[in-house]
Amino acid sequence: MNETNRISRARFSRMLLCAIVFSSLAACGGAEGTSGSPDQESIGLRGALEFTLVPEAPIIQGENDLRLTLHDAATGKVIEGASIQVTAIMPAMGHEAAGVLAIEEAGDGAYAVRGLALSMPGRWDVHVKVEHQGTTDEVHFYYDVP
Ligand SMILES: [Cu+2]
């Protein structure tokens with residue numbers, strides 16, 4: 001098999017996977033980039049930290065548990081002992097989520113976010129704010145509740 005065939009096969013596989021993963025969602029790599037993807041990774045708005053947010057199970061209406069991992073964006077080192085706030089709003093309706101029950105440090109830059117209560121189907125804007133040794137950064141991740 002020549003190089004061109006291998007590349008196009010790989011690209012087709014990715015597209016197919018994307019179509020399967022996102023089949024129940026409106027967008028596949030749309031304007032908001034990672035919108036709706038179960039595992040989301042982004043550099044914060046201030047460029048200081050890298051945020052990874054992974055739901056423990058598919059996002060549902062009701063309480064959700066997620067795992068947040070923090071790295072220094074410049075050095076790649078894990079961020080331990082951070083103080084973290086997680087809030088969510090439903091932009092289309094202008095209301096907040098009920099809140100988060102608990103955020104617990106799990107070691108190696110990971111934090112368990114438990115009981116993020118998304119009360120309605122639709123798109124939620126999950127806002128993560130972190131303070132660590134005088135550095136603050138924040139990020140927005142978007143989730144679609146079916
Ligand atoms: Cu709503």
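Predicted model: local features only at pLDDT ≥ 70, side-chain atom pairs only at ≥ 80, totals over all residues.
## Pairing of β4 with β5

Strand β4 covers residues 83–90 and pairs with β5 in the antiparallel sense through two bridges. Opposite Ile89 stands Glu96 of β5.

## Pairing of β8 with β9

Strand β8, residues 122–132, pairs with β9 over 11 bridges, again in the antiparallel sense.

The strands β8 and β9 make a hairpin with two residues between them. In this hairpin Gln133 has a positive phi, near 45 degrees.

## The nonpolar core

The largest nonpolar core contains 24 residues. Which residues have the most contacts inside this core? They are Leu68, Val113, Leu116 and Val128. At least two core residues come from each of the strands β2 (49–55), β3 (62–72), β4, β7 (110–118), β8 and β9.

Leu68 can be followed through its contacts. Leaving aside residues up to four places away in sequence, Leu68 touches Phe51, Leu53, Ile84, Tyr111, Val113 and Val128. Two of these partners, Val113 and Val128, are also listed with Leu68 among the residues with the most contacts inside the core.

Conventions
Residues numbered from 1 in each chain as written. Pairing = 2+ DSSP bridges. Helix = DSSP H or I, 4+ residues; strand = E, 2+ residues; numbered from the N terminus. Core = buried A, V, L, I, M, F, W, Y, C linked by C-beta atoms within 7 Å. Buried ≥ 20, exposed ≤ 12 C-beta atoms within 10 Å, placed from the backbone. Contact = placed C-beta atoms within 7 Å.
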